[in-house]
Amino acid sequence: MDEKDWKQERERLDEVIAVISSTAKELEERKGGIKDRVLDLRKNFWEDVTVNLDEPDDIIETQASLKQQAELLSERERSHGQLSEQLKTLSRLKESPYFGRIDFQADGESQTDKIYLGIASLMDEQEEDFLVYDWRAPISSLYYDYPPGRAEYQTMDETITGELELKRQYIIRNSELKGMFDTGLTIGDHLLQSVLGHNASTQMKSIVATIQKEQNQIIRNEKNDLLIVQGVAGSGKTSAALQRVAYLLYRYREVLSSDNMVLFSPNPLFNSYVATVLPELGEENMQQTTFHEYLEKRLGGRFDIETPFAQMEYYLSAMDEEEYDIRVAAMTFKASLGYKKLIDQFVAELQTDGVEFRNIVFRGEVIILKEAIADHFYQLDAAMSLPNKMEETAKWLLQEVDKYSRQQLSEDWVLEEGQLLEKEDFLEVYKKLQEEDELSDDPYYDFVREEQLLRKKIIDDNFYPLKAKIKRMRFVNPEKTYRKLFMERESGRRKVDLPENWAEICRQSLDYLTAKTLTWEEAAAYLYFYNKLIGFQVNRTIRHIFIDEAQDYSPFQFAYFKEIFPYSRMTLLGDINQAIYAHASEEPTLLSADMEEHHERITLTRSYRSTKPIAEFTKSFMPGGDIIEAFNREGEKPTVAEVADKDKLHQSIREQLKRYVDKDYQTIAVICKTMQESREAYQMLKEIFDIKLMDEEAYTFQKGILVIPAYLAKGIEFDAAIIYNASATQYSRDLERNLLYTACTRAMHHLAVFSLGDSCRFINQVPADLYERA
Ligand SMILES: Nc1ncnc2c1ncn2[C@@H]1O[C@H](COP(=O)(O)OP(=O)(O)OP(=O)(O)O)[C@@H](O)[C@H]1O
């Protein structure tokens, strides 16, 4: 690129910045004007409405006038809000108006269009031409999809073909052009190199300037209702997912808002890690939650729900406990669709018999026996679904309760209760009496009527909570009904392949239920059952669901998702090599090829997070690791050290940490296998370094050194990672290999692996030239 190019680009940049400044100024003025008007409106609200309440017509007029005034105010407030948003976007644009340019000559056109791409679009002052195109505009896809040469893009209704003559990238900071390159095949290895070479950050960043072609396919995918992305560690799955949210919000801006989208992520820490990406792009965040949080909301009051991490911790560290094998068998079976089938059969049986009910009790007295409820329930049309029968039964119960309450009107307790009434209650009754306008000449009549009304009020108040409970279906006992699933006699006749030790699993399951605990493998299953029994509201507001780390959801959990969100499109992102849940070792996960029929699958094989030496190291101990392509970023080889005892281990780790601190690495993680091990590591390091121990309650993380169990570090990255103890005793099962892989792939620039005694077989499998012995 010659001096002329630089001069031209600088001049253009200055022009664009000038337009941004003047547009911003104009908007500021308009905003100021609106603000004054809003303040004015608020101050003079009552003066500007005509209030006249004399005649019915006047009242109507007053109402209309009030409404009009309120609408005017809220309309102004809305435009004020919109202007503020536009101004925010402009200030982001001013900092760096664009990051790329393509010159495209469409076939049949004589002129070449110069398209500059930024995070939002910008028009010139005459509002005629685009000075900057939004990266999500149809034409912008050329930038991500093609090297110079023949190229095409899709508009709403046609395909435009042509010649891509130039593709250029810019680094603009503080409104100044710091660098630019013309790029060939992929979007600037150059720029990507420089972006990836930076320190890790405690918040994820947007990748808009360097989206890769295969990532762009994920972002703009609109063909299928179910999109499954299998991508190796660090291939940009999460990044692509967030850019996809921004894309969809733009593409469907008329009909879709951030409230219609939800991201299920592995833990609250991850949630906060990704929370800044969309705002950085000028979009509002989608809703974010975890599956545990979701289940908590629905069942939390009635049960303690085990977290997936507690389940994991048990799986990894409770081998010596007596019931371990039974629990692990339960984890596997209850994750499967076989278990769902079992529950479906159970629910089918409940059509004719077996649902448990609760007595209806009023003032300590049983007024309707649970047996009577069951009788009513089961004499209803057999073809009705259980939830419909529940509705009918609730209606019937309300009528019965009404009948009963009328009988109670004359009971003594009613007046006794009356003494507890507040003054307002009496006033209310008195007012009603007046309204009836029947204050007669007969004082005795008034007295009787007043008492009647009082009694009625007391009855209504007293029966209200009971009726509310009936409406909430509290007359059913789902917990007790569910227990029957595990009762020998009942479960024996079901046609499902049950695990060998099913009888013991049943006993253990009953114990958990008695203790009001839902194990993680049981939680979704129970809620599924609950919904089948009592019914539930299908969620219609959520139009798009993103599930990150999808490999960790069991087939059962996914089936449940589909039931509750039948109208939502789904994007699942995950990595089969990072599957670390107990069920994962035997059951197919969501990402397995045969899981779903109608879907589109995109595979990402390029890993961007780690340097080449780290990626080469980690892929070498994963089965099928050959497909992982390391992005070409140089760095030091990982180090591997075996130490004889704990003192030596701790000393070596301290030295390593010191080296990292000296290198000015900003985020450093000591990654352990379990929470138990993390606590131990923390104890020995905390004296010397200012470190933080991360547990499942951690919501954010700061720069510095932290100790963290591998399963919590999912999805997050650090400048450097230390594996606390990769010894043969710690990592041997297949699942532990995945855990180790997840841990090692968190490192961006350096990885150090320590083992107490011999390294595990996975580390031993790594060719010796891929690491340094320390
Ligand atoms: N196109 C890109 N341009 C710049 N950086 C990128 C790009 N793609 C990925 N990255 C960077 O690579 C790192 C890993 O990305 P991300 O966390 O999205 O990967 P992932 O596939 O979700 O990883 P994991 O499976 O390990 O959770 C991040 O630092 C991200 O910013």
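**View 1. Alanine 669 and alanine 721 stand opposite each other, the latter in β24.** The model is predicted: local features need pLDDT of at least 70 and side-chain atom pairs count only at pLDDT 80 or more, whereas totals for chains, interfaces and linings use all residues. Residues are numbered from 1 along each chain as its sequence is written. Strand β21 (residues 667–672) and β24 pair in the parallel sense over four bridges; two strands pair if DSSP finds at least two bridges between them. Helices (H or I, at least four residues) and strands (E, at least two) are DSSP runs, numbered from the N terminus.

**View 2. Strand β24 (residues 718–723) is largely enclosed by the rest of the structure, because six of its six residues are buried.** A residue is buried if 20 or more other C-beta atoms, placed from the backbone, lie within 10 Å of its own.

**View 3. Strands β24 and β25 (residues 747–756) run parallel and are joined by five bridges.** Isoleucine 723 has valine 753 in β25 as its bridge partner. From β24 the chain passes through helix α27 (residues 734–744) to β25 in a right-handed β-α-β crossover: with the strands pointing away from the viewer, the path from the first strand over the helix to the second runs clockwise.

**View 4. The ligand is surrounded by 24 residues, the closest being Thr210, Gly236, Lys237, Thr238 and Ser239.**

Definitions and conventions. A residue is near a molecule or strand if its C-beta atom, placed from the backbone, lies within 6 Å of it. A residue is buried if 20 or more other C-beta atoms lie within 10 Å of its own, exposed if 12 or fewer, and partly exposed in between; C-beta atoms are placed from the backbone.
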